[in-house]
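Me: I have a structure open and would like to go through it piece by piece. Can we start with how the parts are placed?

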Amino acid sequence: MAARRHAAAAARRVARGRRGSLTCAVPPPPDDEMSRFRRPFAEALAPAVELPVDEVEALLGTPPRPEMGQLAFPCFQLAKTRKQAPPAIAAEIAGKVRATGAIQDIVATGPYVNAFLDGRAVAGDVLPAVLEGGEAYGRLDLGKGRAVTVDFSSPNIAKSFGIHHLRSTVIGHALVNMLEAAGYRPVGINHLGDWGTQFGQLLAMWDVCGDEAELEKRGIEYLLELYVDFNKARDVNPALQDVARAKFKALEDGDAEARRLWALFRKVSLDEFERVYGMLGITFDDMRGESFYEDLMPAVLNELEERGLLSESEGATVVDLEEYELGTALVRKADGSTLYLTRDLASAQFRKDTYDFVRSLYVVGGSQSLHFDQMKKVLELMERPWHADIEHVPFGLMRFKDRKMSTRKGDIVPLKDVLERTIALARETIVKGAEEKGRELPADLDELAHRIGVGAVVFNDLKNRRVRDVVFDWDEVLSFDGETGPYLQYTAARIASMEARHGRPITADVDFALLDGPGELALVLALADLPEALRRGIEAGEPSLVSDALLEIASLFSTLYSNKEWKVLSDDAALTDARMLLAHGVRQALCNGLGWLGIAVPARM
RNA sequence: GUUCCCGUAGCUCAGUUGGAUAGAGCACCGGAUUUCUAAUCCGGCGGUCCUAGGUUCGAGUCCUAGCGGGAACGCCA
């Protein structure tokens, strides 16, 4: 099956998966930094509001502008029971409640009761936690070491690793890292598309013009050429598809020569894939491709038979799911060979047996929603209670701006080319910058350019909600301005440079009254929000929630940083220490968050 | 045809369980650099939140019906 992955589908637009496919039980209130400030406000309000503290806390929101405070309690719902106008209620409550601790002031603003947090107290609470947390800042203990499998990347053997594989690869990788950071035991699975009729196609073509010397020389490029040639030939002579099916049947039945060639194709492909994964810094815990499940499929089919779930339809064997509005699911072709779904049923069971997951994620394009719905339904009918733990994490497919991608026509932009081009641009930018500023070129120019170029590509894919289609646009990928990976890296690099200049160890023993300004407060609160972004990101299977949090942090810091009146390093030792602690916290948060996204942070830029 | 996804500024997108004046980036225009890295920052320009009903004290958000774009729907994966 050329894997689950949009082989042919690359040419089509994607359907997005279902909303809420990842909704699971809402976890208890997070034990993160921000909740430390919400809770006391809720406790202070509760008596005057005459509601339980939990309910009050749940109602708390954030005012639209910082001048209005940091926390808001809306009084609309009270208006009914009290038969008073919301502003009057807000005024009354504000008059009764006294500000204590980290809450500096409580004022009624229209229909809201707003709390102003004490910048000194908040900074004193958050910044030491960031410093002490270090690389662990933001980490959570949600998972308690429980396993979550993440099926991602999963390219088809015998085709170049194209830009269209980027999405599953980077989203899945980010989710693996995020799960790990949240205390889960993630299992990254590369379910290689190394089985299926496509190999019949390749073998059919090989009979006509296969050349091992050529394969040796040109590797995967040659395999792609065969694949494209096959599709061309089939357009003229549709009977070739039957030849291909017969070839795959032979492969499945153990034909020696077919097996030998298959193994060769697989190896040539893997060598190519490993190069790309190396560039991205991605490894997998499990590289079992579809072929591995070959032996497990008879058991699946037997059980389906025993449970009376199978029926015959036009020669093929199917599970009828019409009553669930899921159509009919084919599990065995008329010629007896198996299908995508059959193998996924076997692999799902294998993963449960092997890893005992509490969640099993499939980072696969949204066009395959029906497939996963069918798979889950069949597992449910097979009385596997864990069918509910399987979650399709769909994403929109990538298209070109001016044309459609068609793997069948060999119309692939190799991911390697994209990365090389962005790396080259990063290098140019570094060199140009060094010239303009009269600085020396960094000794580790190659490493820097690599991190920046790759970071740009990865972040570009992770910054938006994954269900959206992505239009591949060179201009966009090659832009390092604005909301981009290089922007975040750059912000961290500037701070690293200050830390080096600072020279002294960074301490949490500072005068937090020096960090009392509104800019500092907003920034500290943004830092405090990072764990929550991680929690929500995992819950929704959505790395962009982390991306957003990082952009917010970098943007708030950059605003402070560019203010001429606001210098981190100065003659005032106490002020320098305080601001250095804040700046360091920003760098730490950016490094940690970018790490979760699978983006390396250069030491300088 | 049926089902699913999407529709917010010229472009790309944010927008917690429904809450205050719908926010960013890009592009464009104008500023900021003797001073911690200008891959930056500040200001300006820019909106029938697809349409019409409905629910609600309150709708970009929820419901219904349409419109527009995309996807899936048996021997591909």
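Me: How far apart are the centres of domain 2 and domain 3?
Reply: The centres of domain 2 and domain 3, taken over C-alpha atoms, are separated by 33 Å. Keep in mind that this is a predicted model.

Me: And how many residues does each of them put into the contact?
Reply: Domain 2 gives eight residues to the contact, and domain 3 gives seven residues.

Me: Where do the domains of chain A run?
Reply: Domain 2 covers 35–123 and domain 3 covers 415–597. Domain 1 is written in two pieces, 8–25 and 143–399.

Me: OK, the whole chain now. What does chain A span along its principal axes?
Reply: The C-alpha trace of chain A spans about 85 × 70 × 40 Å along those axes.

Me: How many helices and strands are in there?
Reply: Chain A has 22 helices and 12 strands.

Me: What share of the residues is buried?
Reply: Of the 605 residues in chain A, 55% are buried. As for the surface, chain A exposes about 26100 Å², and 50% of that comes from carbon and sulfur atoms.

Me: Which residues have the most contacts inside the largest nonpolar core?
Reply: They are F41, L45, F73, I93 and V113, in a core of 152 residues. Another core, of 28 residues, lies apart from that one, with M297, A348, M375 and W386 among its members.

Me: Back to L45. What is L45 in contact with, leaving aside neighbours within four places in sequence?
Reply: L45 is in contact with V56, L60, F73, I93, V97 and V113.

Me: What about A46, which helix is it in?
Reply: A46 lies in helix α1, which takes in residues 35–49.

Me: Why does A46 count as buried?
Reply: A46 counts as buried because its relative accessibility is 8%, and buried means under 20%.

Me: What does A46 touch, not counting residues up to four places away?
Reply: A46 touches L51, V53 and V56. V56 is also one of the contacts of L45.

Me: Last topic, charges. How many positive and negative side chains does chain A have?
Reply: Chain A has 73 positive and 92 negative side chains. The centres of the two sets lie 3 Å apart.

Notes
Residues numbered from 1 in each chain as written. Chains lettered and ligands numbered in written order. Predicted model: local features only at pLDDT ≥ 70, side-chain atom pairs only at ≥ 80, totals over all residues. Heavy atoms only, no water. Helix = DSSP H or I, 4+ residues; strand = E, 2+ residues; numbered from the N terminus. Buried < 20%, exposed > 50% of the residue type's maximum accessible area, 1.4 Å probe, protein only. Areas by Shrake-Rupley, 256 points an atom, 1.4 Å probe, with all protein chains shown as cover. Lys, Arg positive; Asp, Glu negative; His and termini not counted. Charge placed at Lys NZ, Arg CZ, Asp CG, Glu CD. Core = buried A, V, L, I, M, F, W, Y, C linked by side-chain atoms within 4.5 Å. Contact = heavy atoms within 4.5 Å. Domains from an automatic or database assignment.
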